Amino acid sequence: MLETMRWLSGEECLELLDQTKLPGEIVYIKCFDHRDVASAIKNMVVRGAPAIGAAAAYGLVLAASGAVANKREIFLKEMETAARELAATRPTAVNLSWALTQLLQELGGATGDPTEFKGLLLEEAHTIFNEDILGNRRIGQYGQELVPQDGNILTHCNAGALATAGYGTALGVVRAAHAAGKNISVYAGETRPLLQGARLTALEMLQENIPVTLITDNMAGFLMAKKKVDLVIVGADRIASNGDVANKIGTYGLAVMAEAHNIPFYVAAPFSTVDLDLKNGSGIPIEERDQWEVTHHGGHLLAPAGIKVWNPAFDVTPHNLITAIITDRGIVQSPYGENLREM
Ligand code: MRU
């Protein structure tokens, strides 16, 4: 399994696997300050909701290393500014601001000299990283119970080890089902425009010897009609308190098609992806990315020059299309509002 990120204590830097180069090249880049991390998140070197949360946490540690203030109040202001810069990189995944808030809260309660605060932040960043992996393993255990002994699973984008600190959420369920001896096979939707399904999910499944078949996004409906899908499992970037789910663009379409074909549609995500402050999905900020992602691939122009483009990176699936949400605390079903709050 490829490592998404690692903290190098000797060099005091964060190393990130450059996911824009996968599957062709395995290249790690070093981030020495929080601005390096912010640009890596923005440019999708590191991506996936839990992974960008953990990377941002380490980014704040780097900001603390570079801080010049020796007065507590000024140091805290510097940290808040750095946290705002990191949080602004990608607006949809709540894990980013969640992780930064965890670190800022830790600082808020700390007394003493700012020189001691860096160690505190690093410890908290490691905790976020390690707990993400443990949480994903729990998601895997809960979720694999929902996978039949023989099952074809359709997934979208990449909600695997590469999108998290390790193991994955949707692909964590797949991994756990495979490890439990279930005879499963995966259909990976390629996920235009940036092809996380083709480049990343397909790679992860091949590396683990889990049978995988690649399809283009527009094949999903026919695949379902041909009865080749037993269940759909996707990840999430933000879950509103009523269970509406923001995830990679194309997820909503899959949920509508799954409903039409009577196929269970599951979302797998850690509880840190749940935003209880949001009443429903209409309040989720949806990132819109540059038009070249749609008009170009690998430096080639795919459409007439100057064409108008709409490029939302995520969509919102209403809770009524979701069979269950698999979290690290257990499986949640409708009524989501009540059950998520209780959990
Ligand atoms: O734009 P990306 O590649 O960051 O989008 C990733 C997704 O939409 C994932 O499904 C989501 O973040 C969950 S990752 C466990």
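Which side chain meets that of Asp-328 in a salt bridge? In this predicted model, the partner of Asp-328 is Arg-138, at 4.0 Å from N to O.

**Figure 1. Salt bridge between Asp-328 and Arg-138.** The two residues belong to distant parts of the chain, 190 residues apart. Asp-328 is located in the loop between β15 (324–327) and β16 (330–332), and Arg-138 in helix α5. Asp-328 counts as buried because its relative accessibility is 14%, whereas Arg-138, at 37%, counts as partly exposed. Elsewhere, salt bridges with shared partners connect Arg-90, Glu-287, Arg-289 and Glu-293 in one network.

**Figure 2. Interface of domain 1 and domain 2, with the salt bridge of Glu-287 and Arg-90.** The chain is divided into domain 1, residues 5–136, and domain 2, residues 147–342. Their contact takes 24 residues from domain 1 and 33 residues from domain 2. The C-alpha centres of the two domains are 25 Å apart. About 2,300 Å² is buried between them, with carbon and sulfur atoms giving 55% of this area. On the side of domain 1, Arg-47, Thr-92 and Asn-136 lose the most area to domain 2, together accounting for 27% of what that side buries. One salt bridge (1) is found across the interface, along with 16 residue pairs in polar contact. Elements giving two or more residues to the domain 1 side are α2, α4 and α5, and the largest share, 5 residues, comes from α5. In the pair formed by Glu-287 and Arg-90, the closest N and O atoms are 2.9 Å apart.

**Figure 3. Helix α4 and its buried residues.** Helix α4 comprises 15 residues, 94–108, and reaches 21 Å from its first C-alpha to its last, close to the 21 Å expected. The buried residues are Val-94, Asn-95, Leu-96, Ala-99, Leu-100, Leu-103 and Leu-107. These residues pack against helices α1 (34–42), α2 (49–66), α3 (72–87) and α5 (114–144), and against strands β8 (238–240) and β11 (274–275).

**Figure 4. Salt bridge between Glu-85 and Arg-35.** The closest N and O atoms of the pair are 3.2 Å apart. Glu-85 is partly exposed, with a relative accessible area of 30%.

**Figure 5. Salt bridge between Glu-15 and Arg-6.** The side chains meet at 2.8 Å, N to O. Glu-15 is buried, with a relative accessible area of 10%, while Arg-6 is partly exposed at 28%. The structure holds 14 salt bridges.

Conventions:
Residues are numbered from 1 along each chain as its sequence is written. This is a predicted model: local features need pLDDT of at least 70, side-chain atom pairs count only at pLDDT 80 or more; totals for chains, interfaces and linings use all residues. Side-chain values use heavy atoms; hydrogens and water are left out. Helices (H or I, at least four residues) and strands (E, at least two) are DSSP runs, numbered from the N terminus. The expected span of a helix is 1.5 Å times one less than its number of residues. Buried means under 20% relative accessible area, exposed over 50%, partly exposed in between (1.4 Å probe, protein chains only). Contact means heavy atoms within 4.5 Å. Domain bounds come from an automatic or database domain assignment. Buried area is the accessible area (1.4 Å probe) that two parts lose on being put together, summed over both. A polar contact is a pair of N or O atoms within 3.5 Å; within protein, one must be able to donate a hydrogen and the other to accept it, and residues adjacent in sequence count only if both atoms are side-chain atoms.
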